[in-house]
Every structure is written in C-alpha cells, then in structure tokens.
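Let's take a walk through this structure together. Keep the model open beside the text as you read.

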Amino acid sequence: MPIPTPPAARVHDFTVVANEPVADGVYRLTIEAPRLAAAIRPGQFMSFAVPGDATQLIRIPVSYSAADAVSGTIDTYYAVVGDGTRRLSQMAPGSGSTVLGPGGNGWHIPEGTNRTLVVAGGIGITPIVAAAAMLDEAGVAHDAVVGALTEGKICAVGELEANGCGEVRVTTDDGSAGTKGFVTTEVEPMLATGSYDLVLTCGPEPMMRAVAKLAEAAGVACQVSVERMMTCGFGACNTCNVETTSGMVGACTSGPVFDSGRMVW
C-alpha cells in the first residue's frame with residue numbers, strides 16, 4: 001500500500017508547544033504547524049531554521065514521530081549533537097521560526113504484507129515510531145527491536161507499545177537494559193521464525209547494513225531510512241547523495257527511505 005504522493009515541500013511558520021529532555025542528550029519537541037501536520041507522511045522529514053546564530057544558514061533536518069492534523073501538531077525526538085541542535089533544545093514554548101517540509105519519500109507497505117519487524121538504533125527511533133503508527137492504522141501486525149548504547153539513551157519505547165507493537169525487545173551495547181549486544185542479536189532469531197515479510201529500519205548505517213543483510217538472507221523485504229546532511233532539503237545542493245544500484249541520488253528527494261536492495265553499502 002504505497003503512501004500517497006504528498007504536496008511539494010514548502011516553508012511553514014511553527015510555534016514550539018513543548019521541548020523537553022527525555023533521555024541522555026535526547027529531547028522531545030512538539031511544534032504547532034497545521035499545514036505541515038496535515039501534509040507530512042511517515043518516514044518523511046522536515047528542516048528547521050533555528051534562531052540564535054545569524055551565521056548559521058543551514059537548516060537542521062529531522063524525522064518526525066507523530067503528526068496530528070486535527071490539532072495541527074508534530075512531534076519529533078532529536079539528539080543534541082552540535083551547536084544547531086543545542087540551540088534547538090533551547091527553544092522554549094511559545095517561541096517560533098520556520099520549518100521546510102514535508103521532505104522526501106517515506107515508508108511504504110507492500111501489498112500482501114502480514115507482519116512487520118521495525119528496528120531502531122539510537123535516535124533512529126523517531127521515524128520508527130511513525131512507522132509503527134502507520135502499520136497500526138493499516139492493521140498490519142508488527143513487533144520492534146530498539147537498540148541504544150546504554151539504558152540512559154533509550155526513549156519512545158512506550159510510544160511503540162501504544163502504536164500497536166505486539167512485542168518490543170530492547171538491546172544495549174553495555175547490557176544496562178534488555179539484551180546485551182547489538183540489535184542484530186534479537187533481529188536474527190526473530191527473522192529465523194519466518195513470521196515476518198517486511199523489515200523497516202533506521203539507525204546508524206552499519207546497523208542498517210547488518211539488518212538488511214539478515215533480512216535478505218531470510219528472504220524478507222527491507223526498507224532503510226538513511227541519515228545524511230540534507231543541506232537544502234529539496235535536491236538543489238547535492239550534499240546528501242546516496243549510492244544506489246541506479247547511481248547517485250539525493251536522500252532528500254529519492255529517500256530518505258530506500259528499499260535496501262537499492263543500496264550500495
């Protein structure tokens with residue numbers, strides 16, 4: 001079931017509704033941007049103009065976890081990793097700026113999909129929450145594997161459960177929560193059951209490559225959401241190129257979600 005083609009990306013005004021830390025270095029941001037909330041689809045992204053530094057011309061691209069067309073609000077989880085996201089974390093309720101979106105192509109549910117495994121690593125949880133909501137709305141059974149460096153960096157597991165995940169397994173590199181190890185520690189035996197016909201994954205590229213390899217070996221379709229610095233957000237600057245079997249393409253226009261079989265890792 002393909003996602004309907006969305007309207008072209010445009011600049012929207014937004015107002016911060018809430019912006020709070022939820023894990024170590026991770027914030028949950030809620031904005032009010034009614035037209036964007038009605039247009040954006042699971043797996044797509046948006047790019048924020050963050051005030052506070054007149055020399056910073058580049059927008060900050062982030063995925064989203066939930067959008068409510070009725071309230072006009074959008075939620076996202078983001079990691080503070082540099083000056084731009086640090087300034088984003090300091091935006092208080094009532095403050096505002098502009099956001100570009102919706103950007104790119106999102107997740108799609110192939111016809112005949114019966115059960116899906118969603119796999120998140122780190123802040124890759126953000127579009128995976130949106131994917132779970134999409135699957136729940138479509139009536140497709142789904143389970144999840146969530147990986148993080150340590151327990152303190154885990155977030156949004158409750159949202160996955162609220163979005164219909166039948167089982168949520170957690171892995172941490174240091175063993176402080178769930179299973180000690182990478183997400184593949186849980187993904188491999190789950191795929192071996194033969195219960196799944198689709199995998200949706202987002203996280204560090206080595207993780208997604210490993211998950212895609214396991215899905216391929218199990219004969220399961222796989223989609224990956226890649227992370228690139230999508231500088232312009234609409235295909236003009238060529239800074240977010242991804243190598244695919246059909247050549248170099250922009251993640252902001254051809255992605256960020258790709259069928260894993262198209263990727264040249």
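Residues are numbered from 1 along each chain as its sequence is written, and side-chain values use heavy atoms, with hydrogens and water left out.

Start with pLDDT, the predictor's confidence in each residue, from 0 to 100. The chain averages 94, and 97% of the residues score at least 70. Residues 1-5 stay under 50, and for them the model has 14 contacts beyond four places in sequence (a contact being heavy atoms within 4.5 Å). Where pLDDT is low, the predicted coordinates should not be read in detail.

Now for the sheet. Helices (H or I, at least four residues) and strands (E, at least two) are DSSP runs, numbered from the N terminus, and two strands pair if DSSP finds at least two bridges between them. Seven strands form an open sheet with antiparallel pairing, in the order β4-β3-β7-β1-β2-β6-β5. At its edges sit β4 (60-63) and β5 (66-68), each pairing on one side only. Inside that order, β3 (residues 45-49) and β7 (residues 96-103) run antiparallel over 4 bridges, and F48 has V99 in β7 as its bridge partner.

Next, look inside. A nonpolar core here is a set of buried Ala, Val, Leu, Ile, Met, Phe, Trp, Tyr and Cys residues joined through side-chain atoms within 4.5 Å, with buried meaning under 20% relative accessible area for a 1.4 Å probe, protein chains only. The largest such core has 30 residues, and W107, I128 and L200 are among those with the most contacts inside it. Two or more residues each come from β8 (115-121), α3 (125-138), β9 (141-148), α4 (157-162) and β12 (198-202), with α3 giving the largest share, 7 residues. I128 touches W107, V118, V119, A120, L160, L200, T201 and C202, leaving aside residues up to four places away in sequence. Another core, of 28 residues, lies apart from it and includes F45, L117, V145 and M263.

Finally, follow β9 onward. It runs parallel to β10 (residues 168-172), joined by 5 bridges, and A148 is partnered with T172 in β10. From β10, the parallel pairing goes on to β11 (residues 179-180) over 2 bridges, where T172 stands opposite K180.

Note on methods: This is a predicted model: local features need pLDDT of at least 70, side-chain atom pairs count only at pLDDT 80 or more; totals for chains, interfaces and linings use all residues. Buried means under 20% relative accessible area, exposed over 50%, partly exposed in between (1.4 Å probe, protein chains only).
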